[in-house]
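Let's take a friendly walk through this structure together.

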Amino acid sequence: MIPTTKYARRAARWLVDSVMGNGLAQRENEATEVGSVSAEASSLTRQAAAEGCVLLTNDGTLPLGADDEIAVFGRCSLDWFFMGHGSGGDVNAPHTVSLIEGLQEAGIRYNRVLAKVYSGWCATEENAADPGWWGHWPTHYPEMPVDAELAEAAAQTARAAVVVLGRTAGEDADLPLAPGGYYLTDEERSLLDVVGTAFKHTVVVLNVGNLIDLLWVEELGDKISAVLVAWQGGMEAGAAVADVLFGKTNPSGRLAATVARAYEDYPSSTTFGNKHHVNYTEDIYVGYRHFDTHAPQKVLFPFGHGLSYTRFEEEIVSVELYGNLVGARVRVSNVGTCSGRNAVLLWCEPPKGSIPKPTRILAAFGKTGLLAPGESTQLDLVCDLKTLSSFDRVSRAFVLEEGDYQFDCTDAASGIRIAERRIVEKCTPLCQSSDELRERILQNLPDEVGAQTEEAQDKRISFDDVRKGAKTLDALVANLSQAELEALTCGEGLMNSKLGAPGNAGAFGGITSDLRERGIPAAICADGPSGGRLQRTCSLLPCATALACTWDQDLVRRLYGSVAEELRASNVDVLLAPSMNIQRNPRCGRNFEYFSEDPLVSGKMAAAVVRGLQDAGVSACPKHFACNNQETRRNTSDSRVSERALREVYLRGFEICVREATPDLIMTSYNKVNGVWAHYHYDLATTVLRGEWGFEGVVITDWWMRPARSPEFSKLHDNGYRLRAGVDVLMPGSMSHVLQMHSRPDGITRAELQRTARRVLAYLLTRS
Ligand code: BGC
């Protein structure tokens with residue numbers, strides 16, 4: 001409930017900003033310093049924002065002609081939503097370009113009278129865009145009423161109308177299922193009607209972070225000539241959209257999530273937003289996996305949909321099996337009339353078999369370079385058989401059933417035959433019962449390092465000794481006091497650490513004077529993922545959903561590489577990114593930070609982010625592991641998911657990212673997964689992440705965690721429970737002291753403390 005009087009609102013804002021889970025609220029996060037933003041970052045941001053635009057419909061009105069005068073409607077043309085809200089959005093950009101500014105910069109002729117009416121209306125105190133506050137950001141801004149007279153007057157001189165509609169959501173704030181949220185308001189609907197009637201050509205630009213109801217596109221029929229989803233494209237968004245509208249950039253974006261005809265058509269709609277627990281009743285049938293298999297008639301715009309100003313033909317030249325990989329060569333020809341890029345989505349239809357499966361699975365994807373009319377190229381796409389296989393509960397393995405696997409892209413198909421059922425990968429059994437888990441954990445307890453050795457006695461081994469190779473890491477670990485070991489398992493305690501640039505999200509590692517005397521450095525974290533969220537200016541990137549819609553992993557890698565330079569200049573060690581939860585439902589407040597409903601797209605795009613950052617010397621921290629698929633009660637809600645859906649959908653993207661890009665860190669999520677908080681989840685953090693996928697980095701919590709007692713070890717709670725699960729560092733820290741040191745088996749052992757300290761120190765060594 002939003003308080004209504006001015007003072008009540010101010011008081012509520014102060015309170016919420018101060019005590020929200022994420023302590024660095026926007027009130028405290030305004031830029032006080034100017035950071036360095038490279039020309040490369042600006043130009044890659046613009047390119048990515050343009051290439052992420054998805055053209056849903058076009059009757060030929062787009063691209064607009066350079067000499068056309070246009071009339072721009074919709075207040076978001078000025079009050080553009082550049083980003084979503086919360087830790088994943090609120091970056092202090094050095095500058096932003098709204099659509100009106102983008103058009104101005106490009107020298108486009110637009111109806112100035114109308115523009116003046118809008119700017120005058122928006123500038124009044126009554127209509128000014130309300131920035132909101134933590135968790136209570138407005139999801140839309142009220143529209144200026146437009147009557148037929150105003151629209152017709154503009155239509156006298158303008159050839160086409162461009163109507164901008166905007167939405168935003170954010171952390172702690174799912175998009176409401178209401179007008180102004182998932183649905184259009186009456187004013188927005190009327191705006192489309194009035195403008196669509198007055199103009200022969202009406203182009204709608206959607207400035208959104210979430211997919212919203214789009215049935216009106218069909219209902220309004222001929223009144224709407226084209227619909228472009230521009231997302232929240234970061235600081236250069238307006239320039240990028242102008243590039244697309246006027247054909248400087250040929251749109252090549254494609255949807256990375258399905259647009260259903262109605263909200264109720266999403267199978268998650270019956271459980272999304274539940275407060276205590278959320279049953280993932282749709283199981284593996286998320287997004288196109290559901291629609292293709294069970295409800296093709298409920299799709300308005302399918303996953304992968306996106307138009308271009310030219311036409312492409314795709315031909316599968318070959319499909320071959322090499323061990324556990326399928327290689328497909330696809331020939332792409334531009335058979336249209338202008339240059340463009342084409343994203344190729346390679347689908348696989350698996351045989352029916354005995355395990356129920358989706359009708360088709362995205363097997364691989366790639367993107368061509370710019371092809372001139374008449375030009376062709378070949379893309380070599382590789383698909384890991386695990387992507388096509390099914391998790392079989394009986395054999396506890398990913399299996400590929402025998403039969404024909406048919407591969408196809410837009411207009412071609414080819415197949416491979418798997419002669420007999422294959423085990424692609426055996427999996428470790430996950431938690432069967434508390435007793436069984438207790439036994440497994442006990443069997444894997446580490447041994448103490450250097451207990452009786454000389455190193456343990458040798459006073460003051462320093463970090464430098466290890467760095468120079470004079471001492472081993474184990475010697476240093478053995479040499480640390482109990483207090484030092486404990487300090488390495490917790491962050492410093494607050495956000496905005498004095499050890500880092502103002503506005504950082506916290507520090508871990510050398511956070512006490514004892515540790516620093518040994519030369520152990522602190523690692524500084526910053527949010528992530530839309531750029532560096534600091535109290536200094538930093539490039540504001542397009543939201544992750546837009547990046548996924550580019551289908552261009554290399555562009556995403558270069559984009560984050562360019563931001564890494566800015567972060568290094570601010571001494572940031574870790575960008576808390578990519579956010580990579582699955583878009584299970586279109587209303588999740590953080591969908592803008594997430595890539596897709598599909599794990600392959602999420603995993604590959606996240607891997608590109610990780611490579612971009614880490615190759616340029618900044619660590620990545622994919623998050624939130626796992627099943628943070630809604631913001632409603634994210635701190636307390638239990639995501640109840642079958643092991644099959646977990647492994648094939650919700651963990652799979654993380655797995656791809658970990659195996660392909662080796663992130664330095666991983667962040668757990670706030671929610672429970674099948675009854676256990678993710679930050680206490682041994683099977684997630686240890687059995688699967690480290691055991692199966694070989695992750696060797698540092699696992700950190702999301703910011704603060706819930707107190708709880710371990711069901712397996714009655715004397716362990718909070719930090720002890722966490723450490724035994726294999727979650728190394730509590731961020732940003734605190735929960736005072738700490739560990740329940742008792743003798744084996746129930747208490748935390750010195751060896752377990754050492755194991756965590758070793759991981760943190762090994763990480764810090766890579767940075768020095
Ligand atoms: C968010 C994380 C973020 C952290 C630090 C949490 O509230 O869930 O994604 O990295 O705060 O700002």
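Predicted model: local features only at pLDDT ≥ 70, side-chain atom pairs only at ≥ 80, totals over all residues.

Which cysteine sulfur is closest to the sulfur of Cys 409? That sulfur belongs to Cys 348, and because the two are 12 Å apart, they are too far from each other for a bond.

With a relative accessible area of 2%, Cys 76 is buried. The closest cysteine sulfur to that of Cys 76 sits in Cys 122, at 8.5 Å, so this pair is too far apart for a bond as well. A disulfide here requires the two sulfur atoms to be within 2.5 Å, and by this rule the count is 0 disulfides.

Now let's turn to the ligand. Around the ligand there are 14 residues, and those that come nearest are Glu 171, Asp 527, Arg 590, His 624 and Asp 702. By residue class, this shell divides into 6 charged, 5 nonpolar and 3 polar residues.

Which side chains place a polar atom by a ligand oxygen? Among them is Glu 171, with a side-chain N or O atom 2.5 Å from an oxygen atom of the ligand. For His 624, the distance from a side-chain N or O atom to a ligand oxygen is 2.7 Å. Arg 634 has a polar side-chain atom 3.1 Å from an oxygen atom of the ligand. How much of the ligand's area does the protein bury? On its own the ligand exposes 310 Å², and the protein buries 100% of that.

Technical notes. Residues numbered from 1 in each chain as written. Heavy atoms only, no water. Near = heavy atom within 4 Å. Polar contact = N/O pair within 3.5 Å; in protein donor to acceptor, adjacent residues only side chain to side chain. Areas by Shrake-Rupley, 256 points an atom, 1.4 Å probe, with all protein chains shown as cover. Nonpolar A, V, L, I, M, F, W, Y, C, P; charged D, E, K, R; others polar. Buried < 20%, exposed > 50% of the residue type's maximum accessible area, 1.4 Å probe, protein only.
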